[in-house]
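Q: I have a structure open and would like to go through it in pieces. Can you take my questions as they come?

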Amino acid sequence: MPIKLSVLDQSVAVTGQTEDASIRQTLALAQHAETLGYHRFWVSEHHSHPSIVGSAPEVLMAAIAATTRRIRIGSAGVMLPHYAPLKVAEQFRVLEALAPGRIDLGVGRAPGSDMRTARLLRQSPQQSSDDFPIQVRELQAWVSGIDLPEGHPGHGVTANPTGPTSPKLWMLGSSDYGAQLAAHFGLPYAFAYFITDGQGAGQALDLYRQLYRPSAMHSKPQAVLCVWALAADTEAEAWHHFSGRERWKLDRNKGVIGPLPSPEDVAAQPYSAAEQAQVNQLRTSALVGSGAQLAVKLRALAESLDVEEMVVITWAHDPAAQRRSYELLAHEFL
């Protein structure tokens, strides 16, 4: 089966550039991805994060909807425990009215922030991620236009505007929990391979497929894999652009989180022996290379996990290098 390719962009902060520019670059990348023929373009939600500045996916999606015509647009995702499901349903119903048949509503249970920031985002201390399954059930009803049962406080309440199409609800996850919840509600499932470095992916996807209960909107399971990957015209150039991400991951493991450094910044600060050992280990599993090399790696991964769509995240200090990476992958797959 041919593999569909999609994009997840996180509006990454980079050294030497103000954060607002990262948001505008996400918008420009969405237009570029549509031109290249990518299937979806998803944006993320993080709060008070020194590296990832996309904090309001529904706002950014509206801008993308206004400047694209074909590509599906989505959130990966809305961190549902922070919000009232009715309000989220209304926001995405408005987006659906702006871009009919093109809106994906991906939801997750993670805070997308540190716990102090998470508490500030919630309306009351009583809100908890433990309520997530209840929130998903309510959101699923309001997004699809199905009334909640009698006795529920939301019975008879409508998420407007309604229309002939509805946002497509997705479950995001990086563990067995999200897989089982997606299966229980009959929802498409996106596994965050880039968060776990692949650990647990096979088990989560197997659980999802084994436990899947068909729903009114989705008669069979649908799973995608979200991966971090970078291509360049040569393998050496790809590793050069990867060095910023590499240095960022080493620093993060020490509790130091900041904007993505440039390859030049990295080269100016040689690795210690211990850091070099970590780098060598990191490179063994990194999805990095020329366009042809990366295509081989992605096809093998998709085959091993039996998925027909890959959602690709690419960090690069230079926006031109990021765009080129997606161009090379499009040449190989689309």
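Q: How do the axes of H5 and H6 cross, and within what distance do they come?
A: This is a predicted model. In it, the axes of H5 and H6 come within 11 Å and cross at roughly 35°.

Q: Left-handed or right-handed, that crossing of H5 and H6?
A: The crossing of H5 and H6 is right-handed.

Q: Which residues make the contact?
A: From H5 there are Phe132, Pro133, Val136, Arg137 and Gln140. From H6 there are Tyr177, Leu181 and Phe185.

Q: How many of those are nonpolar, polar or charged?
A: The contact of H5 with H6 has 6 nonpolar residues, 1 polar and 1 charged.

Q: What span should H5 have?
A: H5 covers residues 132-144, which is 13 residues, so at 1.5 Å a residue the helix should span 18 Å. The C-alpha atoms at its ends are 18 Å apart, in agreement with that.

Q: Which residues of H5 are buried?
A: Phe132, Gln135, Val136, Glu138, Leu139, Gln140, Ala141, Trp142 and Val143.

Q: Which residues other than glycine have a positive phi?
A: Serine 11 is one of them, with phi near 50°. Aspartate 306 is another, with phi near 55°.

Q: Where do serine 11 and aspartate 306 lie?
A: Serine 11 is in the loop between strand E1 (4-9) and helix H1 (19-36). Aspartate 306 is in the loop between helix H12 (291-305) and strand E10 (309-313).

Q: Buried or exposed, for serine 11 and aspartate 306?
A: Serine 11 has a relative accessible area of 2%, so it is buried, the cut-off being under 20%. Aspartate 306 has 55%, so it is exposed, the cut-off there being over 50%.

Q: New topic. Which peptide bonds are cis?
A: One of them runs from alanine 76 to glycine 77, with omega near -5°. Glycine 77 is found in strand E3 (residues 72-79). The bond from asparagine 160 to proline 161 is also cis, with omega near 0°. Proline 161 is in the loop between H5 and E5.

Q: How many residues does the largest nonpolar core have?
A: That core has 69 residues. Leu225 and Met310 are the ones with the most contacts inside it.

Q: What is methionine 310 in contact with?
A: Setting aside neighbours within four places in sequence, methionine 310 is in contact with Ile3, Lys4, Leu5, Ser6, Leu225, Val227, Leu298, Leu301 and Ala302. Another core, of 29 residues, lies apart from the largest one. Among its residues are Cys226, Leu260, Ala286 and Trp315.

Q: Where does phenylalanine 191 lie?
A: It lies in strand E6 (residues 189-192). Its relative accessibility is 0%, so phenylalanine 191 counts as buried.

Q: What is in contact with phenylalanine 191?
A: Leaving out neighbours within four places in sequence, the contacts of phenylalanine 191 include Gly173, Thr196, Ala204, Leu205 and Leu225. Phenylalanine 191 and leucine 205 are 14 residues apart in sequence, and their C-alpha atoms are 7.7 Å apart.

Q: What about methionine 61, buried or exposed?
A: Methionine 61 counts as buried, at 0% relative accessibility. This residue is in helix H2 (residues 57-67).

Q: Which residues does methionine 61 touch?
A: Not counting residues up to four places away in sequence, methionine 61 touches Val43, Ile73, Gly74, Ser75, Phe92, Leu95, Ile103 and Asp104. The C-alpha atoms of methionine 61 and leucine 27 are separated by 8.8 Å, with the two residues 34 apart along the chain.

Q: Last one. What do the buried residues of H13 pack against?
A: They pack against E1, H1, strand E8 (230-232), helix H9 (235-253), H12 and E10. The buried residues of H13 include Ala321, Tyr326, Leu329 and Phe333.

Terms used:
Residues numbered from 1 in each chain as written. Predicted model: local features only at pLDDT ≥ 70, side-chain atom pairs only at ≥ 80, totals over all residues. Heavy atoms only, no water. Helix = DSSP H or I, 4+ residues; strand = E, 2+ residues; numbered from the N terminus. Expected span 1.5 Å × (residues − 1). Buried < 20%, exposed > 50% of the residue type's maximum accessible area, 1.4 Å probe, protein only. Core = buried A, V, L, I, M, F, W, Y, C linked by side-chain atoms within 4.5 Å. Contact = heavy atoms within 4.5 Å. Axes fitted to C-alpha atoms, helices over the stretch in contact; angles between N-to-C directions. Left-handed = near helix turned anticlockwise from the far one by under 90°. Nonpolar A, V, L, I, M, F, W, Y, C, P; charged D, E, K, R; others polar.
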